[in-house]
Amino acid sequence: VSCISDDNQSAEMTECLRQMNGMPPLVQECTIACREDCTFTPWSKFTPCSKNCEATQIRRRQLTGKSRKKERCQDASLYPLVELEPCPCDAFMSHPYGNWSACILPEGKRDPQQGGLWVQGDDKECGEGVRFRAIACTDINGRPVDPSFCNSSGYIQEACVIPCPFDCKLSDWSSWGSCSSSCGIGVRIRSKWLKEKPYSGGRPCPKLDLKNQVHEAVPCYSECDQYSWVVEHWSPCKINNELRSPRCGRGTQSRRIRCVSTADREGGAVDRSLCNQDDAPPETQACSLLCPSECVMSEWGTWSKCPQSCDPHATQRRTRHLLRPSLNSRTCGEDSQVRPCLLNENCFQFQYNLTEWSTCQLSENISCGQGVRTRLLSCVRSDGKPVSMDHCEERNLDKPQRMSIPCLVECVVNCQLSGWTTWTECSQTCGQGGRMSRTRFIIMPTQGEGRRCPTELTQQKPCPVTPCYSWVLGNWSACKLEGGDCGEGVQVRSFSCVVHNGSISHTAVQVEDTLCGEVPFQEGLQKQLCSVPCPGDCHITPWSEWSKCELTCIDGRSFETTGRQSRSRTFIIQSFENQDSCPQQVLETRPCAGGKCYHYTWKASLWNNNERTVWCQRSDGLNVT
């Protein structure tokens with residue numbers, strides 16, 4: 001068996017071994033028929049195969065000569081005349097590679113009239129989609145091949161679902177409740193309650209209380225004197241001791257009180273809780289019936305008014321007068337009383353009180369836009385008790401002007417996104433791990449309590465795993481000489497096509513050159529001069545690299561400004577008899593700038609069988625002669 005090139009020229013055996021799967025056999029078995037043996041025609045060619053891997057091919061033969069009549073030769077189990085063989089089949093295996101992509105929905109349509117832009121609203125945001133996983137396809141020998149041999153798309157596909165967002169649902173507003181205060185400023189409240197929670201990125205709920213309700217409160221004002229107390233006359237004074245005679249002295253008397261509407265004082269009584277309980281007049285009181293001999297005084301008059309400043313040095317006075325003098329010598333009681341004006345006891349100051357601004361109130365059947373915020377004014381006594389506005393108005397106090405201001409309720413706007421861009425080119429031209437991506441953009445951000453923008457604005461999808469084909473250079477051949485055993489010659493090496501999956505760990509495998517395309521041709525890469533030393537020649541090596549720049553130094557001090565560096569060539573002696581005729585070494589030196597001082601030390605290995613290695617080492621760690 002010999003190796004020849006494509007143009008029938010003799011070639012190195014290694015070239016054939018590198019490109020073919022083993023050498024053809026040098027020996028094979030053969031048979032020479034004996035007299036008693038059954039003889040047959042040669043086997044026919046196998047019938048052609050269809051492309052189906054499961055098909056079979058057939059070949060036939062026939063008995064010849066006397067064998068046709070021998071019963072033993074007609075036993076088909078011993079001497080078959082027909083042979084079946086499965087058709088050769090390129091079997092390919094697929095292996096899932098990498099992770100599943102995100103769930104990708106069917107794409108919307110592009111509008112050619114808008115320059116290929118996405119038509120807003122065509123893209124679905126949820127529903128049924130598909131996710132992809134790349135497959136790596138290999139042949140029966142484990143070599144990467146194009147994924148189309150395993151699967152038309154290069155992917156495994158799987159149905160998936162992106163759940164649709166569901167918004168928070170609240171009830172309609174309840175009707176406004178009654179004012180929380182019957183006198184002065186209170187609040188009126190209305191509420192909504194949760195009907196269905198949001199999920200899958202739906203519009204969130206406003207802040208809810210522990211009962212899953214949201215409230216809206218506005219200030220309200222109730223006139224303080226809407227209801228007032230009405231008193232009837234006191235009953236006659238009932239003496240405590242009925243047996244006493246004459247019937248005079250201390251006793252008690254009572255009267256009936258009623259709570260009535262101020263607007264209709266003659267009307268019937270209303271629930272007592274509607275009147276101010278702090279101002280409720282007493283229903284009983286102590287009284288006395290004066291005996292005939294006692295002094296009789298009138299009832300006390302009203303107290304005089306305190307100044308508005310409630311100056312504690314100021315006083316107020318009340319008086320009464322004598323109706324009948326005493327018949328005995330006893331003096332009558334005092335006819336005037338004085339007391340200081342004490343703040344929040346018998347003297348009060350008044351001021352206007354403003355509520356906070358209400359929430360933005362909209363017109364009926366409007367959910368956003370322009371509205372009004374209001375606040376209310378009330379009159380409050382210095383002890384904190386709300387009183388009728390008349391008290392503040394009588395004193396001409398400064399009244400705030402603005403009781404309402406315009407406001408804006410932000411309209412709910414869901415996040416709006418552009419359509420997806422087209423998929424980018426794969427991040428790798430071949431091999432495993434390549435990815436394509438597409439992006440979408442926020443056209444309009446969320447406003448108010450609209451649906452939030454999704455966090456995923458970029459989607460990635462694995463690329464089909466395609467094989468990587470590349471040319472690699474083989475090793476240099478032995479030095480080829482023309483018509484001799486030594487001297488100048490030529491070394492050659494050739495390109496071969498290999499396949500790999502793009503990962504560092506994967507070993508490249510040689511495949512047909514046609515898969516790599518056109519062979520790159522560079523004369524210097526594939527051909528170079530060489531020489532085979534002849535017996536007795538002194539073969540000189542190439543020059544070594546220049547050494548580092550070195551100065552002559554004593555105890556680490558240099559006495560030169562210019563250093564030297566050197567390089568050498570060594571002679572290899574081809575025959576032992578010629579060793580004296582070849583020089584040992586050729587040394588070349590040249591001046592250099594910026595040299596260093598080095599020092600040299602002997603180094604020795606550990607003893608081993610009474611021997612050790614000794615060498616000289618320069619201070620930068622280089623072993624030298």
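## Notebook: disulfides, salt bridges and one glycine

I began with C530, which is buried at a relative accessible area of 10%. The model I am reading is a predicted one.

**Entry 1. The partner of C530.** I looked up which cysteine pairs with C530, and found a disulfide to C479, with an S to S distance of 1.8 Å. The torsion about that S-S bond is 95°, and I noted the link of C479 and C530 as right-handed. C530 sits in strand β35 (residues 527-532), while C479 is in the loop between β30 (468-473) and β31 (480-481), so the bond ties together parts 51 residues apart in sequence. C479 comes out at 21% relative accessibility and counts as partly exposed.

**Entry 2. Other disulfides.** How many disulfides does the structure hold? I have 21 down for the structure. For my own reminder, a disulfide is a covalent bond between the sulfur atoms of two cysteines.

I took C237 and C287 next; their sulfurs are joined at 1.8 Å. The torsion about the S-S bond of this pair is about 90°, so I recorded the disulfide as right-handed. C237 is in the loop between β12 and β13 and C287 is in strand β16 (residues 284-289), which puts distant parts of the chain, 50 residues apart, in one link. Both ends are buried, C237 as well as C287.

Then I checked C259 and C275, another disulfide, with S to S at 1.9 Å. Its torsion about the S-S bond is 90°, and the link of C259 and C275 is right-handed. C259 belongs to strand β15 and C275 to the loop between β15 and β16, so parts 16 residues apart in sequence are tied together. Are C259 and C275 buried or exposed? I found C259 buried, and C275 likewise.

C30 is exposed, with a relative accessible area of 72%. C616 is buried, at 15%.

**Entry 3. Salt bridges.** I counted 14 salt bridges.

R451 and D167 meet through their side chains in a salt bridge, 2.8 Å from N to O. Where do the two residues of this pair lie? R451 is in the loop between β28 (442-444) and β29 (458-462), and D167 is in the loop between β8 (155-162) and β9 (169-170); the pair links distant parts of the chain, 284 residues apart. R451 is at 26% relative accessibility and counts as partly exposed. D167 is at 17% and counts as buried.

R190 and E216 form a salt bridge, with the closest N and O atoms 2.8 Å apart. R190 is in strand β10 (residues 184-196) and E216 is in strand β11 (residues 213-222), so this bridge ties together parts that are 26 residues apart in sequence. I noted both R190 and E216 as buried.

R256 and E232 form another, and here the closest N and O atoms are 3.8 Å apart. The cut-off is within 4 Å, so the 3.8 Å pair of R256 and E232 still counts as a salt bridge. R256 is in the loop between β14 (249-254) and β15 (257-261), and E232 is in the loop between β12 (227-231) and β13 (238-239); the pair links distant parts of the chain, 24 residues apart. Why does R256 count as exposed? R256 counts as exposed because its relative accessibility is 53% and the class takes values over 50%. E232, at 33%, counts as partly exposed.

The network I wrote down has four members: K548, E550, R618 and D620 are linked by salt bridges.

**Entry 4. G595.** Last I looked at a glycine. G595 lies in the loop between β40 (585-592) and β41 (600-604). What does G595 touch, leaving aside its neighbours within four places in sequence? I found contacts with C549, E550 and L551. One of these, E550, is also in the salt-bridge network with K548, R618 and D620. I also noted the C-alpha atoms of G595 and T561, which are separated by 8.2 Å, the two residues being 34 apart along the chain.

Note on methods: Residues are numbered from 1 along each chain as its sequence is written. This is a predicted model: local features need pLDDT of at least 70, side-chain atom pairs count only at pLDDT 80 or more; totals for chains, interfaces and linings use all residues. Side-chain values use heavy atoms; hydrogens and water are left out. Helices (H or I, at least four residues) and strands (E, at least two) are DSSP runs, numbered from the N terminus. Buried means under 20% relative accessible area, exposed over 50%, partly exposed in between (1.4 Å probe, protein chains only). A disulfide is a pair of cysteine sulfur atoms within 2.5 Å. Contact means heavy atoms within 4.5 Å.
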